[in-house]
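This report concerns the structure shown below. It treats the contact between the chains, the domains, the core and the annotated sites in turn.

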Amino acid sequence: MTTLDPAPGASRFDADEHGWFGEPGLFGGRFIPEALVSALEELTDAWHEAMADPAFIADFEQVQREYAGLPSPLFHARRLSDRVGCRVLLKREDLNHTGAHKIRNVIGQALLTRRMGKQRVIAETGAGQHGVATATAAAYFGLDCTVYMGAVDTRRQALNVARMQLLGAKVVPVDSGSATLKDAINEAMRDWVASVDHTAYLFGTAAGPHPFPSLVRDFVRGTGDEARAQCLEQYGVLPDAIAACVGGGSNAIGLFTAFLDDAEVEIYGFEAAGDGVDTPRHAATIHSGASGVLHGARTYVLQDDEGQTIESHSISAGLDYPGVGPQHAQLAHSGRATYLPVTDAEAMEAFALLARTEGIIPAIESSHAVAGGLRVAERIATEKGPEATVLINLSGRGDKDMGTAIEYFGLGEAETAGEPA
Amino acid sequence: MSCARVFETTRAEGRAALVGYLPAGFPDKRGSLDAVRAMVDAGCDAIEVGLPYTDPVIDGPTVQAAAQQALDAGTRIDDVMRTVEAVASTGATAVVMTYWNPVERYGVERFAQELLDAGGAGLITPDLTPDFAPEWIAAADARDLDKIFLVAPSSTDERIAMTTAASRGFVYATAVMGVTGTRTTTSDLAEPLVARARATTDLPIGVGLGVSNGDQAAEIAGFADAVIVGSAFCRAVLDAPDLPSALRGLSTLAEDLAAGVRRG
C-alpha cells in the first residue's frame with residue numbers, strides 16, 4: 001500500500017510553487033519574516049527531493065509499519081451502524097503509536113530533518129499530542145527536542161508534559177498572549193528565527209507558510225490512502241461520505257486527500273463550535289472567520305474588524321485554534337468539502353456514545369467527527385438505505401481526555417456509590 | 001514627510017539617522033503621543049510607530065510586553081494614525097511598523113490612504129516580503145508611500161536584490177538572526193549584510209535589532225545610513241514608575257543614541 005504521493009504538484013488540488021491553493025492569492029502563500037525564507041526554501045527543496053527518492057519513501061514506510069503500527073485498521077462499528085441505519089466505518093488512528101494520526105507527520109518530518117543534516121527539532125503543541133509525537137520521533141531518531149506549549153495548556157495537560165519530559169524533550173511554557181496554542185506557535189517561530197541554521201521546525205498541522213500545508217499533507221495522507229484501499233478491499237465500494245474533525249486540519253487533510261478526485265464521495269469537516277457559533281466561545285474558523293493572514297498563510301481566521309486574532313474556545317485543546325490550514329479554506333471556498341460546526345455538548349455526547357456502543361474511548365477532537373459523521377450517516381441512511389457507507393476518521397484516542405471527561409460527566413462519584421463488595 | 005528627506009538631511013550632516021520605535025498606545029493612548037514627541041525632541045530623526053498586534057512573531061519579550069500593554073489599553077488603528085500625526089506635526093518622519101493582517105483586514109487601500117492623510121511616510125512590514133505584497137506595493141506606489149522591506153543575514157543575494165528593488169525610502173537590514181531585543185554586543189552579521197545590500201541599491205540602509213546604547217549606535221553608524229532602536233525605548237518606558245519618568249528615560253536614551261550616530 002503506497003502511503004506517499006511521489007509527485008507533488010500532480011493534482012489540481014495541490015498548491016502551486018508559491019503555496020497558493022486554487023486561485024493564486026486566495027489561500028496559502030508564505031507571509032513570514034525574510035529571515036525564515038531561506039529555511040523554508042531549503043525545506044521545500046529537501047521535501048521535493050525526498051518525495052522523489054525511493055530510499056526515503058522506503059525508510060518512511062518501514063518506520064511507519066514497524067514503529068508506528070501502521071496501517072491502522074478500518075473498523076466496522078456495527079452497533080453504531082444499527083443505530084443510524086447504514087454502515088459506519090471508523091479509521092482507527094487511535095491505535096497508532098502515541099495515540100493519534102500525528103505520528104505519521106512527525107516520522108516524515110524527522111526523517112526530513114535527518115536528511116537535511118540538522119540535529120535539533122522544535123515544535124509547538126496545544127493539548128500535547130503533537131509535542132508527545134515530536135518528542136517520540138526525536139527520541140527514536142536521536143535528535144535534540146524543544147517543545148513550546150502555552151502555560152495554560154501545560155497546567156491543563158500536565159500528563160503530556162511529563163510524557164514529553166520522559167521522552168527527553170525540553171518543554172517550554174509560553175506565557176505571552178493567551179498562553180495557548182497560537183502563542184506556542186509564535187514562540188516556536190521566534191526560536192526558529194534565531195536557530196534556523198541547525199534547527200528544524202516540526203510544524204504540527206497542515207497550516208502555516210508554504211511548504212508546511214503541503215508537506216504535512218504528504219506525510220499524513222496515508223490515513224486516506226489506506227482507508228480508501230481498505231474500504232474497496234473489504235466492502236467493494238467507496239464510502240458515500242467521509243468525515244473528520246478540523247482544528248488546524250492535519251487529520252482531516254490526511255483523510256480527504258485520497259478522496260478529492262472521487263466526485264461521488266461527499267467530504268465533511270467538523271469544526272469545534274464550543275458553546276455554539278452564536279456565542280463568542282467557539283473555534284469554528286471556517287464557519288465564522290474571515291479571510292486573513294495568521295501564522296504565515298492566508299486562510300480563514302477568527303479576528304476582529306481590525307485584524308486582531310480572537311481567542312478561540314473548545315473543550316478539545318487540539319481544535320482550539322483561531323486559524324485553519326489553507327487547503328481547507330480552499331476546499332470550503334470551492335465547495336469540494338463541507339465544513340460544519342459541532343458543539344462541546346454534541347462532541348461529549350458522541351464521546352460517551354462511542355465508549356458505550358463500541359468500547360472505544362475517542363479523543364474529544366475525534367468525538368467532533370463522530371458526532372458530525374453520525375448526523376451525516378442518519379441523513380444518508382434515509383436517502384440511500386442500509387447499504388450506504390460513512391467513513392469517519394477516529395484520529396486519536398481519549399486517554400488524555402479523562403480529566404475533562406471526569407469533570408464533564410461527574411464520573412468520580414461512582415467509585416464510592418456502594419457497589420457490592 | 002518621506003524618508004528620503006530625512007536622509008538628505010543626515011547625509012548633508014555626514015551622519016547616520018536615528019530611528020526610534022515605540023508602539024502606538026504605549027504606555028497608554030495619551031502617553032504615547034507625549035512619548036513620540038519626547039523621542040523626536042531628544043534627537044530621533046524618524047519614529048517607527050508600531051501597530052500593536054496579537055501575534056507578533058518577530059518580537060522578543062520587551063516589545064511583546066509593550067504591544068500587549070497597548071492592546072490592553074484598547075489601542076485601535078485610529079490611535080496609530082493619531083500617533084503618526086503627532087510625529088508628523090513635529091516635522092519628523094513617521095513610518096508605521098505593522099504585521100500584515102491588520103492592514104489586510106482594514107483594507108490595504110483604506111489603510112494606505114489614511115496613513116498618507118495622517119502625514120505618514122510609509123510602512124515597515126516585518127512579515128510581508130515583496131513577493132507576497134502586490135496589493136501593498138500597488139497601494140503605496142499610487143501614493144508615493146515608502147515601502148520598507150527587510151533583508152536578513154540568511155537572505156540570498158538574489159533575494160536581497162529582489163527586496164531592495166521593491167523597496168522605497170530605505171532598506172531595513174536585520175542585524176541578527178533573531179527576534180527584537182537589546183543585546184550587549186552588536187552583531188558581526190550586520191556589516192556584511194549592509195555591504196551585500198549596498199551592492200544592489202542606492203537606497204539608504206538602516207540597521208535594526210539589538211541596538212541599546214550610544215556606543216553601539218556609533219559602531220553601526222560607521223557603516224549604515226540609519227540606526228533603528230526599538231526594545232531599548234520600550235524598556236525605558238516599561239521600567240519607569242510613571243509617565244514623567246518614562247518621558248525622561250526616553251529623552252536620556254534618545255540623547256545618548258543621537259550622540260552615538262554623530263560619532264559613527
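## Contact between the chains

The contact draws 31 residues from chain B and 26 residues from chain A, two residues being in contact if their C-beta atoms, placed from the backbone, lie within 7 Å. On the side of chain B that touches chain A, at least two residues each come from helix H5 (100–106), strand S6 (150–151) and helix H8 (157–166) of chain B. H5(B) gives the most to this side, with 6 residues. Helices (H or I, at least four residues) and strands (E, at least two) are DSSP runs numbered from the N terminus.

By class, the side of chain B that touches chain A holds 15 nonpolar, 10 polar and 6 charged residues. Here Ala, Val, Leu, Ile, Met, Phe, Trp, Tyr, Cys and Pro count as nonpolar, Asp, Glu, Lys and Arg as charged, and the others, Gly among them, as polar.

## Basis of the model

This is a predicted model, in which local features need pLDDT of at least 70 and side-chain atom pairs count only at pLDDT 80 or more, while totals for chains, interfaces and linings use all residues. Residues are numbered from 1 along each chain as its sequence is written, and chains are lettered from A and ligands numbered from 1 in the order in which they are written.

## Domains of chain A

Chain A is assigned domain 1 (22–67 + 102–216) and domain 2 (74–99 + 221–411), with bounds from an automatic or database domain assignment. Taken over C-alpha atoms, the centres of the two domains are 23 Å apart. Across the boundary, 37 residues of domain 1 of chain A are in contact with 34 residues of domain 2 of chain A.

Among the elements of chain A that give two or more residues to the domain 1 side are H4, helix H5 (129–141) and helix H8 (181–195). By class, that side has 17 nonpolar, 14 polar and 6 charged residues.

## Nonpolar core

The largest nonpolar core has 230 residues, and those with the most contacts inside it include A:Val390, B:Met39 and B:Ala173. Such a core is a set of buried Ala, Val, Leu, Ile, Met, Phe, Trp, Tyr and Cys residues joined through C-beta atoms within 7 Å. Helix H15 (residues 364–384) of chain A supplies the largest share of this core, 9 residues. Because domain 1 and domain 2 of chain A both give residues to this core, it lies between them.

Not counting residues up to four places away in sequence, B:Ala173 touches several residues, including B:Val151, B:Ala190 and B:Ile205.

## Annotated sites

An unreviewed UniProt entry places "modified residue: N6-(pyridoxal phosphate)lysine" at A:Lys102. UniProt positions are given in the numbering used here, feature names are shortened, and annotations may be inferred rather than shown by experiment. A:Lys102 lies in helix H4 (residues 102–115) of chain A and is buried, with 30 other C-beta atoms within 10 Å. A residue is buried if 20 or more other C-beta atoms lie within 10 Å of its own, exposed if 12 or fewer, and partly exposed in between, with C-beta atoms placed from the backbone. Leaving aside neighbours within four places in sequence, A:Lys102 is in contact with A:Gln129, A:His130, A:Ala133 and A:Gly204.

In chain B, the UniProt annotation "active site" (unreviewed entry) covers B:Glu48 and B:Asp59. B:Glu48 is found in strand S2 (residues 46–50) of chain B and counts as buried, with 27 C-beta neighbours inside 10 Å. B:Asp59 is placed in the loop between S2 and helix H3 (61–72) of chain B, and is buried, with 27 other C-beta atoms within 10 Å.
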